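This report goes through one structure, from its sheets to its backbone details and its chain contact. The sequence and the coordinates are shown first.

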Amino acid sequence: MVVNPVPVPSGVLDRVTSSAVARTHATLPLAAGIGLRSPHLPLVREQSPACPWFEVHSENWFSAGGPALAVLDRIRRDYPLSLHGVGLSLGGADDLCLGHLEQLKALVDRVQPAAVSEHLCWSAIGGRWLNDLLPLPYSREALDRVCDHVDQMQEFLGRPILVENVSSYLRLLPEEMPEWTFVAEVARRTGCGLLLDVNNIYVSACNHGFSADEFLAGIPVSAVKEIHLAGYEETEGLLVDTHSRPVWPAVWDLYVRVLNRFGPVSTLIEWDQDIPDFATLQAEAAKAQALLDIALESRHVHAA
Amino acid sequence: MSMLREMQEGFAAAVFGDEAARQRFLGRFIHPACRQAEQGLEAYQTSVQANLASALVATYPVVGAIVGPDFLAAMARTYARLVPSRSGDLNRYGEDLDRFLASYSPTASLPYLPDVARLEWRIQQVHMAPLAPEVDLMGLTLLTNGDWGDLRFQLDPGHQLLASSWPLAQIWEVNQPGYQGDFTVDFEQGETVLIQRQLQRVQVSALAPGEHAFLAALNQGETLMNAVGFATGQNPDFDLGAVLERHLASGLIRRVI
């Protein structure tokens with residue numbers, strides 16, 4: 001049941017469909033895209049390489065100058081695009097920063113992205129930003145706080161958002177529900193979609209000793225609109241979400257189980273440190289695409 | 001008080017504070033079944049510090065070239081502890097580095113470093129400026145003798161001016177990657193510099209005496225006559241023709257308004 005459905009003002013859709021320049025991408029394609037970071041911007045701008053869609057970090061474009069925004073406009077014209085936030089602090093005890101919301105809205109209005117997402121985490125306290133994706137206690141208080149902020153964000157932007165589960169290295173107090181119940185409740189209470197980060201589920205499951213499959217079973221199928229895949233690193237038994245290497249085999253296995261449960265879902269390869277050449281990212285995306293194709297084929301068989 | 005707020009305040013204190021703050025946080029907010037709590041907190045501490053430090057390193061490459069990467073990394077940790085980040089947008093982080101450096105004793109032997117930081121922060125602002133309007137200087141061709149003094153110009157928003165008692169343009173140039181020329185810098189000679197975006201690259205160049213006053217006046221909407229007045233007040237030999245030609249050619253002067 002959707003408690004707080006968020007209406008999409010018809011004006012938003014009208015602007016998209018009436019635009020002669022921008023191609024309309026109301027939803028992400030059911031294909032494997034790539035997280036686009038600054039080292040690959042020149043190549044994408046100059047060579048328009050094959051990629052079904054891109055995702056960029058919203059905050060990277062908040063204070064971008066005119067020439068950089070012109071590059072983003074160009075990419076948006078040629079590819080479906082998703083805006084992925086890393087700094088709003090949805091789980092913060094502080095109020096949401098209105099300036100941050102305003103900058104995000106200006107960017108959303110400019111880009112008209114296929115999706116807007118944020119993390120289920122906190123990043124700032126007492127007006128001081130830690131500029132990281134920090135863990136929440138899975139408490140009723142934190143759940144209420146996150147839901148209020150998701151409601152506020154969706155109302156402010158005039159469109160539904162997706163929220164992403166993060167990796168965590170600590171289990172915090174008070175813990176009043178498992179993480180998957182927390183995540184599912186946010187979607188149920190706010191009507192937002194979910195961005196399942198399969199690597200994050202795996203990292204947190206290993207660090208805290210829960211079952212990744214139990215996590216998946218707790219997530220409502222219809223809420224999942226996007227999937228992320230990335231590579232973690234291990235130091236002395238702790239898995240750290242570094243986005244610095246290829247997706248691990250165990251995470252590919254979990255991805256297959258995710259596709260079995262949720263069906264084909266738009267998927268993204270993320271790589272944020274030690275970023276390799278673009279061809280390596282395309283090869284990772286092709287691996288995900290091959291698995292997505294099987295899921296698409298199997299849905300087709302079921303439908304027939 | 002909210003338990004969530006207490007946890008988050010305790011977490012921030014542990015990340016930026018001393019061992020006692022870490023132990024207070026670990027003792028109070030960690031689930032008893034949490035594995036590797038100390039290691040988990042350390043992973044966050046490392047990651048927060050690394051995010052802030054890499055933003056500072058990216059904004060201040062010349063400061064980094066002068067002090068060296070290891071020194072800069074250590075300084076970035078101190079800066080992160082003492083000067084809170086005030087935005088979720090890391091491009092806004094590091095604005096106060098010049099003031100921080102002015103009272104940072106390990107760099108006291110490099111008295112020009114705060115001005116280098118000031119220059120690099122302005123370079124970042126120039127990168128972030130809106131697009132320049134199309135060049136439209138038709139108004140110049142319509143001039144008859146005598147009315148040029150009333151002209152006003154719109155300049156490219158992608159520029160900044162900075163006056164320094166240090167040779168900033170030279171310091172910037174010799175610290176560019178791949179610089180092959182003479183490394184001698186005359187530290188006795190202060191420079192006023194123009195920071196200008198051209199074709200997405202930002203250039204730093206020294207200005208002649210009077211040129212700073214002239215460009216600043218034009219940028220504030222003063223007439224050409226008044227701008228020349230400010231310039232000749234500083235430099236009686238101010239060469240209007242040469243200065244105008246240079247800034248029309250570089251695209252800094254965009255339009256007659």
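The model is predicted.

**The barrel of chain A**

Eight strands of chain A close into a barrel in the order 1-2-3-4-7-8-9-12, and the pairing is parallel. From one strand to the next the twist averages 30°.

Strand 4 of chain A covers residues 115–119. On one side, strand 4 of chain A pairs with strand 3 of chain A in the parallel sense, over three bridges. A:Ser82 has A:Ala115 of strand 4 as its bridge partner. Strand 4 of chain A is also joined to strand 7 of chain A by three bridges, and these two strands run parallel. In that pairing, A:Glu118 has A:Val163 of strand 7 as its bridge partner. Strand 3, helix 4 and strand 4 of chain A together make a right-handed β-α-β unit.

How much of strand 4 of chain A is buried? Five of its five residues are, so the strand is largely enclosed by the rest of the structure. In a regular strand, side chains alternate between the two faces of the sheet. In strand 4 of chain A, A:Ala115, A:Ser117 and A:His119 point one way, while A:Val116 and A:Glu118 point the other way. All of these residues are buried, on either side of the strand.

Chain B has an open sheet of three strands in the order 2-3-4, with antiparallel pairing. Strand 2 (159–163) and strand 4 (201–206) of chain B are at the edges; each has a single partner strand, so one side of each is left without a neighbour in the sheet. The twist in this sheet averages 20° from one strand to the next. Strand 3 (residues 192–198) of chain B pairs with strand 4 of chain B in the antiparallel sense, over six bridges. Within this pairing, B:Ile195 has B:Val204 of strand 4 as its bridge partner. Helix 7 of chain B packs on the sheet and touches strand 2, strand 3 and strand 4 of chain B. The direction of helix 7 makes about 165° with that of strand 2 of chain B.

Helix 7 of chain B spans residues 113–127, which is 15 residues. From its first C-alpha to its last, helix 7 reaches 21 Å, close to the 21 Å expected at 1.5 Å a residue. Eleven of the 15 residues of helix 7 of chain B are buried, so the helix is largely enclosed by the rest of the structure.

**Loop residues**

| Residue | C-beta neighbours inside 10 Å | Class |
|---|---|---|
| A:Ser48 | 12 | exposed |
| A:Ser89 | 28 | buried |
| B:Pro84 | 17 | partly exposed |

Most residues other than glycine have a negative phi, and most peptide bonds are trans. A:Ser48 has a positive phi of about 40° although it is not a glycine. A:Ser48 sits in the loop between helix 2 (41–47) and strand 2 (54–57) of chain A. A:Ser89 also has a positive phi, near 65°, and is likewise not a glycine. The loop that holds A:Ser89 runs between strand 3 (81–84) and helix 4 (98–111) of chain A.

The peptide bond from A:Leu173 to A:Pro174 is cis, with omega near -10°. A:Pro174 belongs to the loop between strand 7 (162–164) and helix 6 (179–190) of chain A.

In chain B, B:Pro84 lies in the loop between helix 5 (69–82) and helix 6 (97–102). B:Pro84 and B:Asp96 are twelve residues apart along the chain, and their C-alpha atoms are separated by 10.0 Å.

**The contact between the chains**

The contact takes 45 residues from chain A and 43 residues from chain B. On the side of chain B that touches chain A, the elements giving two or more residues are helix 1 (3–16) and helix 3 (37–59) of chain B. Which of the elements of chain B gives the most to this side? Helix 3 of chain B does, with ten residues. The residues of this side of chain B divide into 22 nonpolar, 15 polar and six charged.

Technical notes:
Residues are numbered from 1 along each chain as its sequence is written. Chains are lettered from A and ligands numbered from 1 in the order in which they are written. This is a predicted model: local features need pLDDT of at least 70, side-chain atom pairs count only at pLDDT 80 or more; totals for chains, interfaces and linings use all residues. Two residues are in contact if their C-beta atoms, placed from the backbone, lie within 7 Å. Helices (H or I, at least four residues) and strands (E, at least two) are DSSP runs, numbered from the N terminus. Ala, Val, Leu, Ile, Met, Phe, Trp, Tyr, Cys and Pro count as nonpolar, Asp, Glu, Lys and Arg as charged, and the others, Gly among them, as polar. A residue is buried if 20 or more other C-beta atoms lie within 10 Å of its own, exposed if 12 or fewer, and partly exposed in between; C-beta atoms are placed from the backbone. Two strands pair if DSSP finds at least two bridges between them. A crossover is right-handed if, with the strands pointing away from the viewer, the path from the first strand over the helix to the second runs clockwise. Axes are lines fitted to C-alpha atoms, for helices over the stretch in contact, and angles run from 0 to 180 degrees between N-to-C directions. The expected span of a helix is 1.5 Å times one less than its number of residues.
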